[in-house]
Amino acid sequence: MSSQSIETPRSESFSDIARKVIKNSIRSAVCIDDEYPSAYQIDVKLKTSEAKRLYDSFRSVGNCDLDIYNFDPAGSSWNKEFMIPNKDLIILDWELDKDAVDEKFIPTLEILEDITHSEQVPFVVIYTHTEAIDDVAKKLLETYSYIPQNIDDLKQSLVNILKEFDSSLDGQNLIDLIEDEKLKQISYEYIHFIDKRDESKKRIIENFNRILEIKVEEKVLERKLKKVFNDYHYISTDNFELLSIAIFNLESKYTGEYPIRRLESKSFLYKIGYTTIYICRKEKVGGIKPEDLFNEFSKAIIANPHNYLSLLSLELKDQLKTEFSKIGSRFAEIDEKSFFYHVKNLKNKTEDKLDLNRIKEFILRSWLEDFSSLRTEITSEVIQNIEEVSKQKDTPNDLSPEVAISLIKYSALLSTNNSKKKNRKLRFGDIFIDDETKEYFICITPHCNCLRPDKIDSNFYFIKGVIAKKNTTAIQNAEKGYYSFLDINDEQKSIEWTTVPFTMYVLNNDIDNLSCCFMQKKYELKFCTSLKENFTQRLSNKSFGYGYTVGIDLPHWV
């Protein structure tokens, strides 16, 4: 009997897994184009065949249901109320207003603004017949580039740097140099062409050296730029990229929350807020065929070397969405007699009517606890591959102040919840600041009492905190000490808590206008963020255990 060798199956690479995740997780998409017909629309002028090739490919190549809408500038073609929710991808033509004399892209930018502000759609493809695709990227950079500093102050800062190399030049000469169109083009190239940044950096320095008396050295300029841009490293940690953004867009009027970032990819890949933007040409101008768009989009996302967390989020969101819908189905099958019997227990006794906040809290907690129990059943191929990916990643060896800031930002993401609705009432974990004393306060009053302040005569438990002396110390003691990490309006702070509880009489428990009394002093507190439950519970456990501590006096070594 002949023996046959059994081949060991090849383990999947991260690229294989990433391709599978994108195929299985991009389930619902919308395409908006002035040349494609909507469903059931018959118009011989529109490109019906091209639209069908796109539609069919999203179902055959991906597992995605694609809706196509014809855009008419005169009509109501865009409706964000139903085109944004539950969409994983939106495809936009760049020049949606073909009849406009200039700026045919204005409707596209308006739609993009709606998409980025929704924080719901992870991907947008700008699929354009514009031959000069650089013009699309430049317009996005002009629209969304943001250096949070007064433009005149920024110009003066750059002028002061250049004056250190040549004090004989007056300010206007140096401003002319900064505003030079050639330098602006080189700056765009530095931002966009990731693989040619060394060459572009050299050309930026050469441009300065044309008129400066003392030749600029890269390391010296880098050090000086760091002082100007140190507060803006949440946009980029590359000071030359920040310089290029500033020079390219010195007249920027963008003041929004979602500055644009170039992603490290050879494809035209940008990120605005939480949305990744892929820019590509249509088949007509030598670009991508409609039937190949899903594949080419997938390749562009996979080629981004920093795509791990994006793909993990995409995979988990898809699974969690499915599991959450199962919980909703089970909840709908509850016997209504039992439910309404329970609801009668949730009355506000002082007003003799149902307490709507308690009812909502009970239902949501029931759902979320059920949801939480499914954690072990969730599978992730991306996590299975984490060891392979982690070997390819650079991690810091030393805890420098810059690394500490990055870790505070990360810790804030893990431990706080910045979502806040207007007129929300005070609850467990809410953090406030007293602008007068710069002290921080966190509510550690149990959930049930927060919902019914009348039970505690509006006397809420708090503890106080102050900004930690050193961020590095706070990070080193994050799990041993009692710290919270905040990232509010792009300011990162470490708060050290005293864990000594006290009660404040709350005059108004609306978090937008929280007023309290303590020791005959009135406090007007400003809401910062909310600490997640486990992190608050740890502070609460330590604080309420304070009363059980006992001091003793015995001989000890000094």
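This is a predicted model: local features need pLDDT of at least 70, side-chain atom pairs count only at pLDDT 80 or more; totals for chains, interfaces and linings use all residues.
Helix 10, formed by residues 218-229, packs on helix 11, formed by residues 239-248, at an angle of about 70 degrees, and the two axes are 9 Å apart. Angles of 65 to 115 degrees count as roughly perpendicular, and helix 10 and helix 11 are therefore roughly perpendicular to each other. The crossing of helix 10 over helix 11 is left-handed. On the side of helix 10, the contact is made by Glu218, Leu221, Glu222, Leu225, Lys226 and Phe229, and on the side of helix 11 by Asn239, Phe240, Leu242, Leu243 and Ala246. Classified by residue type, this contact of helix 10 with helix 11 comprises 7 nonpolar, 1 polar and 3 charged residues. In an α-helix, with 3.6 residues a turn, residues three or four places apart point the same way.

The second pair consists of helix 6 (residues 151-163) and helix 7, whose axes come within 9 Å and cross at roughly 110 degrees. Helix 6 and helix 7 are therefore also described as roughly perpendicular to each other. Helix 6 contributes Lys155, Leu158, Val159, Leu162 and Lys163, which meet Gly171, Leu174, Ile175, Leu177 and Ile178 of helix 7. By class, the contact between helix 6 and helix 7 contains 7 nonpolar, 1 polar and 2 charged residues.

The buried residues of helix 8 are Leu183, Ile186, Ser187, Tyr188, Glu189, Tyr190, Ile191 and His192. The elements that cover these buried residues include helix 5 (133-144), helix 7 (171-178), helix 9 (197-209) and helix 11, together with strand 5 (260-262) and strand 6 (268-272).

Tyrosine 483 is located in strand 14, which covers residues 483-488. With a relative accessibility of 15%, tyrosine 483 counts as buried. Beyond residues up to four places away in sequence, tyrosine 483 touches Ala468, Thr473, Ala474, Asn477, Ile495, Glu496 and Trp497. The C-alpha atom of tryptophan 497 is separated by 6.0 Å from that of tyrosine 483, although the two residues are 14 residues apart along the chain. Serine 411 belongs to helix 18 (residues 401-415) and is likewise buried, with a relative accessible area of 17%. When neighbours within four places in sequence are left aside, serine 411 is in contact with Ile475 and Phe485.

Positive phi values were noted at two loop residues other than glycine. Glutamate 103 has a phi near 30 degrees and is placed in the loop between strand 3 (89-92) and helix 4 (106-118). Its relative accessibility is 43%, so glutamate 103 counts as partly exposed. Aspartate 457 has a phi near 50 degrees, again a positive value in a residue other than glycine. Aspartate 457 is found in the loop that lies between helix 19 (447-451) and strand 13 (459-467). At 56% relative accessibility, aspartate 457 counts as exposed.

Conventions: Residues are numbered from 1 along each chain as its sequence is written. Side-chain values use heavy atoms; hydrogens and water are left out. Axes are lines fitted to C-alpha atoms, for helices over the stretch in contact, and angles run from 0 to 180 degrees between N-to-C directions. Helices (H or I, at least four residues) and strands (E, at least two) are DSSP runs, numbered from the N terminus. Angles under 35 degrees count as roughly parallel, over 145 as roughly antiparallel, 65 to 115 as roughly perpendicular and the rest as oblique. A crossing is left-handed if the near helix is turned anticlockwise from the far one by less than a right angle, and right-handed if clockwise. Contact means heavy atoms within 4.5 Å. Ala, Val, Leu, Ile, Met, Phe, Trp, Tyr, Cys and Pro count as nonpolar, Asp, Glu, Lys and Arg as charged, and the others, Gly among them, as polar. Buried means under 20% relative accessible area, exposed over 50%, partly exposed in between (1.4 Å probe, protein chains only).
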